Each structure stands twice: as C-alpha cells, then as structure tokens.
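Here's a quick tour of a few spots worth a look. Have your viewer open as you read.

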Amino acid sequence: NIGVQKLADLASPLDWLKEHGSSVDYVMTNGNEGLPETYMLLLPNLKVISCNGVGYDAINVERAISQNVIVTHTPNVVNAETSTTAILLMLACYRNFRSCENHARSGAWKLKKHELTRTADGRKVGILGMGRIGRAIAKKLLAFDATISYHSRHKKEDLSYRYFDDLLEMAHHVECLICIVPGGDRTKHLVNDEVLNALGPEGVLINVGRGSVVDEEALVSSLQEKRLGWAGLDVFANEPSIPGALTVLDNVVLVPHVGTATVETRASMTSLTVENILAYHKDKTVLTAVPECVDLV
C-alpha cells in the first residue's frame with residue numbers, strides 16, 4: 001500500500017514537508033506545476049517524480065538527478081490528441097472559423113453572405129520539432145495534401161520530408177509554421193520577430209508546444225501590424241494569463257492549453273503516471289523515464 005497526501009489540500013505545504021518530507025518516496029505532478037526546488041530539498045528520500053504530461057520543463061531534472069531521483073513523463077499517449085489540436089487550430093485560422101461562427105450566430109447571414117476565407121489544402125507547412133507529436137502532425141497533414149518541411153536539432157534519416165537546419169530559412173519557405181518543441185532555456189523565443197516576419201502577412205503560426213518558445217510581445221506586435229497573418233495558440237508564456245492584446249484580435253484563435261484535454265487521453269495519461277510509480281514500487285524500474293534519467297533506471 002502507498003499512502004497519498006495532496007499538497008493542494010494543505011494550508012502550508014512547506015510546513016507539512018518540513019515535518020513529513022523524509023517519509024515521501026514519490027511525487028505525482030504535472031508539466032505546468034512541476035516540483036518547486038524548495039519542496040525537492042525537503043524530500044531527502046524521494047525516488048520518483050512522476051509527471052502527468054509529456055512536457056516537464058517545470059521540473060529541475062538536473063537537481064533531481066543530483067539527488068538520484070528518476071523523473072518520468074507521459075509520452076506517446078498524447079500524440080494523437082495534441083496533433084489533432086494542431087490541425088484544428090490550423091483549419092480554424094485558414095477558414096476563419098471564429099468569424100464564420102459569429103456570422104451564423106449573430107444573424108448577420110440574413111443581411112449578407114460571409115466573406116470568402118482561404119483554403120487549408122495544399123499548403124507548405126513547416127514543423128518546428130519532429131519528435132513523436134511532430135511526426136503525428138505530419139501524418140495528419142498528408143490528408144490535406146500538405147508539403148511538409150521540418151526543423152529540429154538533427155535530421156531524421158527515416159523521414160523523406162525536407163529538413164532545414166536553420167529555422168529562419170524554413171520560415172521563409174513555408175506558409176504555416178507549427179511549433180511542437182518543449183520549453184526551457186534552449187528553446188526560449190526560438191520563434192522571434194525575424195521568424196514571424198519571414199512567415200509574412202499571409203503566414204500562419206500554430207503553437208501547441210510551450211508558450212515560452214514564441215516571443216509573445218513580438219507575436220502581438222506582428223499580428224497587430226498584420227506583418228503576420230494569423231495565429232492559432234494553445235499555449236502561452238504566463239499561463240493561465242493571456243495578454244489582453246491577443247484576446248481582442250480577430251486574426252487569432254485561442255484555446256486554453258487543451259491539447260490533451262479529452263476524457264480518453266487524460267485517462268491514459270493519468271494511468272501511465274500512476275503505473276510509473278507502481279512499477280518502481282514493485283521492482284525499482286519505471287516505464288517512461290525522461291531522456292535525461294534513462295541511465296538511472
């Protein structure tokens with residue numbers, strides 16, 4: 001049996017950890033909240049941090065490794081849902097879904113037809129990050145006859161899509177850029193003003209990775225000035241806060257970080273989060289360690 005204590009139920013989690021932290025073997029968390037270092041320092045016998053989510057940039061993995069703690073996450077089970085969200089946002093931008101729906105709901109259709117939108121078919125699409133989810137996005141884009149390019153740290157020898165070793169060059173080449181890379185210092189503001197300008201006034205930016213990947217101030221300016229055509233965003237720099245300047249723009253589709261938020265996918269993620277802890281409790285192994293912790297398993 002494993003006892004469970006929800007820190008959210010405590011008036012003072014720090015006080016509780018100071019008294020009981022040495023009895024804690026496992027922590028379950030998510031990719032947004034992570035585990036504060038102040039908490040980690042009070043857990044001398046911690047063995048596993050099981051993260052419910054594929055992203056884990058809110059967890060200091062280096063600190064965990066220094067304490068011989070394994071960090072796990074929930075890859076693969078999120079691939080289908082997150083890739084579907086990316087496609088949904090792309091379609092909503094090209095077909096101006098927000099405006100079309102408002103036109104129908106408001107009764108404006110009785111007065112005039114809605115203006116023409118743009119096709120999402122046959123587009124040149126660049127994917128920033130060709131990991132598991134990036135591959136799933138690419139596979140779904142083929143149904144829309146897309147010409148696919150990608151930028152990642154390394155070329156994937158098993159893929160026939162065009163590889164760019166320079167993001168700015170790819171941005172000049174494509175009509176739509178889909179971001180699906182993890183957060184952290186290495187990827188912060190990869191999509192900057194230069195990249196947004198390269199996409200241009202007919203370009204579309206989709207972000208289903210992490211908000212920190214896009215320079216949000218530069219994005220707001222480029223959308224306001226129509227230097228970038230449209231953006232579809234599931235993630236933001238300071239969630240759950242969204243800049244007011246974004247919420248009033250007509251050329252933006254906003255959803256509240258719901259890339260994996262279906263009953264089915266969240267159930268699969270939660271099950272894997274628990275199974276990682278149970279696996280370690282049983283035989284000192286885990287199912288899905290983050291890459292940095294593979295050598296600890």
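Is Thr-247 buried, exposed or partly exposed? Keep in mind while answering that this is a predicted model.

## Thr-247 in helix H10

Thr-247 counts as partly exposed, because its relative accessibility of 42% falls between the 20% and 50% cut-offs. You'll find Thr-247 in helix H10, which covers residues 244-247.

Its side chain reaches back to the backbone oxygen of Gly-244, at 2.8 Å.

## The three-strand sheet

Next up is an open sheet of three strands, ordered S1-S2-S3 and paired in parallel. Strand S1 (26-30) and strand S3 (70-72) are the edge strands, each pairing on one side only. On average, neighbouring strands here are turned by 20 degrees against each other, direction ignored.

The S2 and S3 pairing is parallel and runs over three bridges. Helix H11 (residues 263-283) packs on this sheet and touches S1, S2 and S3. The direction of H11 makes about 165 degrees with that of S2.

## Ser-50 in strand S2

Zoom in on Ser-50, which sits in strand S2 (residues 48-52). Ser-50 stands opposite Thr-72 in S3. With a relative accessible area of 0%, Ser-50 is buried.

Which residues is Ser-50 in contact with, leaving aside its neighbours within four places in sequence? The list is Val-27, Met-28, Thr-29, Thr-72, Thr-273, Asn-276 and Ile-277.

## Helix H6 and its buried side

Now for helix H6, residues 132-141. Its buried residues are Ile-133, Gly-134, Ala-136, Ile-137, Ala-138 and Leu-141.

## Cysteines

How many disulfides are there? The count comes to zero. Cys-179 is in no disulfide, because the nearest cysteine sulfur, that of Cys-176, is 9.1 Å away, while a disulfide needs the sulfur atoms within 2.5 Å. Cys-179 is buried, at 0% relative accessible area.

Cys-293 is in no disulfide either: the nearest cysteine sulfur belongs to Cys-51 and is 12 Å away. Cys-293 is buried as well, with a relative accessible area of 0%.

Conventions: Residues numbered from 1 in each chain as written. Predicted model: local features only at pLDDT ≥ 70, side-chain atom pairs only at ≥ 80, totals over all residues. Heavy atoms only, no water. Helix = DSSP H or I, 4+ residues; strand = E, 2+ residues; numbered from the N terminus. Buried < 20%, exposed > 50% of the residue type's maximum accessible area, 1.4 Å probe, protein only. Contact = heavy atoms within 4.5 Å. Polar contact = N/O pair within 3.5 Å; in protein donor to acceptor, adjacent residues only side chain to side chain. Pairing = 2+ DSSP bridges. Axes fitted to C-alpha atoms, helices over the stretch in contact; angles between N-to-C directions.
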